[in-house]
Amino acid sequence: MIKKDGFYGAPDLVIEILSPDTVQYDRGVKRQVYEKEGVLEYYVPDPNDLTVNGYSLQNNYFIPIAQTQGHIASPFIGWQISF
């Protein structure tokens, strides 16, 4: 993925922290792009209500894997964050 002239390919993980001005774009267009490009896990923390929605790419589509409050834990990558 890393070459002298830049990065290539999709990351394994994306965390998209929501902003009030871009909620629809983040949950719509960006999610579709990440799904199409093959991001394996996609997490969407919402700082307003301290919830996190998590998705995993399976058969080229995101499926929900988590909906929590104040905590993110990835079953695939093996990390966790509390906020």
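## Basis of the model

The structure is a predicted model, in which local features need pLDDT of at least 70 and side-chain atom pairs count only at pLDDT 80 or more, while totals for chains, interfaces and linings use all residues. Residues are numbered from 1 along each chain as its sequence is written, and side-chain values use heavy atoms, with hydrogens and water left out.

## Overall fold

The protein chain contains 1 helix and 8 strands, where helices (H or I, at least four residues) and strands (E, at least two) are DSSP runs numbered from the N terminus. Read from the N terminus, these elements follow the order β-β-β-α-β-β-β-β-β.

Of the 83 residues in the protein chain, 31% count as buried; here buried means under 20% relative accessible area, exposed means over 50%, and partly exposed lies in between, with a 1.4 Å probe and protein chains only. Among contacts (heavy atoms within 4.5 Å) between residues at least 6 apart in sequence, 41% join residues at least 24 apart.

## The nonpolar core

In soluble globular proteins, nonpolar side chains tend to be buried together. In this model the largest nonpolar core has 10 residues, namely A10, V14, L18, Y34, V39, Y42, V44, Y55, L57 and F62. A nonpolar core is a set of buried Ala, Val, Leu, Ile, Met, Phe, Trp, Tyr and Cys residues joined through side-chain atoms within 4.5 Å.

When neighbours within four places in sequence are left aside, V44 is in contact with E16, L18, R27, T51, V52, N53 and Y55.

## Aromatic rings

The structure holds 4 aromatic pairs; rings of Phe, Tyr and Trp (its six-membered ring) pair if their centres lie within 6.5 Å, and planes under 30 degrees apart count as stacked, over 60 as edge-to-face and the rest as tilted. One of these pairs, Y42 with F62, is stacked, with 5.5 Å from centre to centre and 25 degrees between the planes. This pair links distant parts of the chain, since Y42 belongs to strand β4 and F62 to strand β6, 20 residues apart.

Another pair, Y55 with F62, is tilted, at 6.3 Å from centre to centre and 50 degrees between the planes. Y55 counts as buried because its relative accessibility is 15%, and F62 is buried with a relative accessible area of 6%. Taken together, ring pairs link Y34, Y42, Y55 and F62 into a cluster.

## Salt bridges around the helix

There are 2 salt bridges in the structure, each defined as a side-chain nitrogen of Lys or Arg within 4 Å of a carboxyl oxygen of Asp or Glu. In one of them K30 is joined to E16, with the closest N and O atoms 3.0 Å apart. K30 lies in helix α1 and E16 in the loop between β3 (13–15) and α1, so this pair ties together parts that are 14 residues apart in sequence. K30 counts as partly exposed at 23% relative accessibility, whereas E16 is buried at 10%.

The side chains of D26 and K30 meet in a salt bridge as well, at 3.5 Å from N to O. Because D26 and K30 are 4 residues apart in helix α1, about one helical turn separates them. D26, which lies in helix α1 (residues 23–37), counts as buried at 2% relative accessibility.

## Surface and loops

M1, I2 and F7 form a nonpolar patch on the surface, with about 410 Å² of accessible area together. Patches are made of residues with over 30% relative accessible area and no salt bridge, with like charges joined within 9 Å and nonpolar side chains (Val, Leu, Ile, Met, Phe, Trp, Tyr) within 5 Å. F7 is found in strand β2 (residues 6–7) and counts as exposed at 65% relative accessibility.

L50 has a positive phi of about 55 degrees although it is not a glycine, and L50 lies in the loop between β4 (41–46) and β5 (51–58). N59 also has a positive phi of about 55 degrees without being a glycine, and its place is in the loop between β5 and β6 (61–69). L50 is partly exposed at 39% relative accessible area, while N59 counts as exposed at 71%.

Terms used:
Accessible areas come from the Shrake-Rupley method with a 1.4 Å probe; for residues, only the protein chains shown count as cover.
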